[in-house]
Protein chains: 2
Amino acid sequence: MRLLVVEDEARLATALRRGLQAEGFAVDVAADGADGLEMARHGEYDAMILDVMLPRLSGYRVVRQLRAEQKWLPVLMLSAKDGEYDQADGLDCGADDYLTKPFSYVVLLARLRALLRRGTPQRPAVLRHGDVELDPAQRKVTVGGAEVVLTAREFALLEYLIRRPGEVVSKTELLDHVWDAALDTAANAVEVYVGYLRRKIGRDRLETVRGAGYRLAGG
Amino acid sequence: MRLLVVEDEARLATALRRGLQAEGFAVDVAADGADGLEMARHGEYDAMILDVMLPRLSGYRVVRQLRAEQKWLPVLMLSAKDGEYDQADGLDCGADDYLTKPFSYVVLLARLRALLRRGTPQRPAVLRHGDVELDPAQRKVTVGGAEVVLTAREFALLEYLIRRPGEVVSKTELLDHVWDAALDTAANAVEVYVGYLRRKIGRDRLETVRGAGYRLAGG
DNA sequence: TCCCGCGCTGTGACCCTGCTGAGAACCGAT
DNA sequence: ATCGGTTCTCAGCAGGGTCACAGCGCGGGA
């Protein structure tokens, strides 16, 4: 689990980093709001611990900006203010939890775990064409309910075809998208892999359109 | 939005009902743990406000029971105990937030809104996949009922994989989330730790998908 | 019917990916 | 300072995925 800690107070920042790393988290630290925002934008973080009082850009603004950009990573806010309205403001800005300093490390950890527990389990759609199913996340392919084991290249080829259901896809297009552009592969490679695929998913499920390309049959 | 309030103290219960109804929520009240559990089981609630000290069944037990039954509605715990460990216990039981009495009504509302905003289905406090169980709070792993001792890195690796049940996770993604970004680790490190993990949890429980990544086997 | 060319497949070699053991660097505890 | 454990790098090895090649089948046009 990768965490982003945005905290300008150096002592607290290092304490947090140490403690969280000991728990097995991968931790990055930003020292002000602008840096934090930038890192949250581009890094793949599982959660963020965000101080409110920060140089350059306040914690409130950081969350609001992230939410405006459709970034939904869990945010735990830290603040020295313990006014009830400050807390409510932080939460209404889009933070998911709020702790006031001084806080207990045990509580911080428990709250962090509670946040991580609510990961977004939205699984990307499974692609289907006829009785052929392909799940990009699980990297599994089933034909008529039976699982079929494909190599990396075979999988990539089938995925490209199944994303263009019913269309005829030319060999050059397949070469461009399924194979590495850099090394010029023999055009014949496509034919070879079409052959492999046919043996595994059934000969008639992948038809040749002479002079044009290939197409997934049925639907 | 339909809320369930489980609170035995009559004065507080009515105050909550009134206040929340004024905010436009539909509110049901239960006066003890057993009733609350029963209502949460059968009613379609969007969130639950749950006191810890309750007749017949404590709030801790109510959450734990609900989670065991795969009910993931957001739970906000209320308690007179303000010990840090009480709070951590409540969260690790599966609650999503925790407020200590006396609390500010404004804060309660803000936290409730934050919970509802997330709306997403929650996940259990203890993660399970096949006969592998991982408890992030206690930092314990059991395989087929037998406890297995893991190092920090091994644990983090397994945790990341078990949070993506059945999915294939690439080496670069594992590097990003399990290892620290700062120091550039050799890509080979993932392979090494997969090897360690396999020795401890059983070779066949962690399968390689050549050219793609790794996946927890079984389900 | 014959001929041409596109597409298919079996074979075999290369090399890339992933696995492992050994050992160095590091850290905390005694 | 020493020791045990953890983390990580490195090098070597095995397996098999990838691909080039060559020969053959088959379809389509004249």
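The following questions and answers go through a predicted model, one topic at a time.

Trainee: Which rules apply to the names and to the model?
Mentor: Residues are numbered from 1 along each chain as its sequence is written, and chains are lettered from A and ligands numbered from 1 in the order in which they are written. As the model is predicted, local features need pLDDT of at least 70 and side-chain atom pairs count only at pLDDT 80 or more, while totals for chains, interfaces and linings use all residues.

Trainee: What is the radius of gyration of chain A?
Mentor: The radius is taken over C-alpha atoms, and the globule rule is 2.2 Å times the number of residues to the power 0.38. The C-alpha atoms of chain A fill a box of roughly 75 × 35 × 30 Å along the principal axes. A compact globule of 219 residues would have a radius near 17 Å, but the value for chain A is 25 Å.

Trainee: How many residues of β3(A) are buried?
Mentor: A residue is buried if 20 or more other C-beta atoms lie within 10 Å of its own, exposed if 12 or fewer, and partly exposed in between, with C-beta atoms placed from the backbone. On one side of β3(A), A:A47, A:I49 and A:D51 are buried, and on the other A:M48 and A:L50 are buried. For the strand, residues 47-51, the count is 5 of 5.

Trainee: Which residue of β4(A) stands opposite A:L50?
Mentor: Two strands pair if DSSP finds at least two bridges between them. β3(A) and β4(A), residues 75-79, pair in the parallel sense over 4 bridges. Opposite A:L50 stands A:M77.

Trainee: Through which helix does the chain cross from β3(A) to β4(A)?
Mentor: This β-α-β crossover is right-handed: with the strands pointing away from the viewer, the path from the first strand over the helix to the second runs clockwise. The helix, residues 59-68 of chain A, is α3.

Trainee: In chain B, which residue of β2(B) is the bridge partner of B:V6?
Mentor: β1(B), residues 2-6, has 4 of its 5 residues buried. β1(B) pairs with β2(B), residues 26-30, in the parallel sense over 5 bridges. The partner of B:V6 is B:A30.

Trainee: Which element gives the most to the side of chain A that touches chain B?
Mentor: Residues are in contact if their C-beta atoms, placed from the backbone, lie within 7 Å. By this rule, 33 residues of chain A are in contact with 43 residues of chain B. β2, α4 and α5 of chain A each supply at least two residues of the side of chain A. With 7 residues, the element that gives the most is α5(A).

Trainee: Which elements give two or more residues to the surface near DNA strand D?
Mentor: A residue is near a strand if its C-beta atom, placed from the backbone, lies within 6 Å of it. There are 22 residues around DNA strand D, and among those that come nearest are A:T151 and B:R153. The elements are α6 and α8 of chain A together with α6 and α8 of chain B.

Notes:
Two residues are in contact if their C-beta atoms, placed from the backbone, lie within 7 Å.
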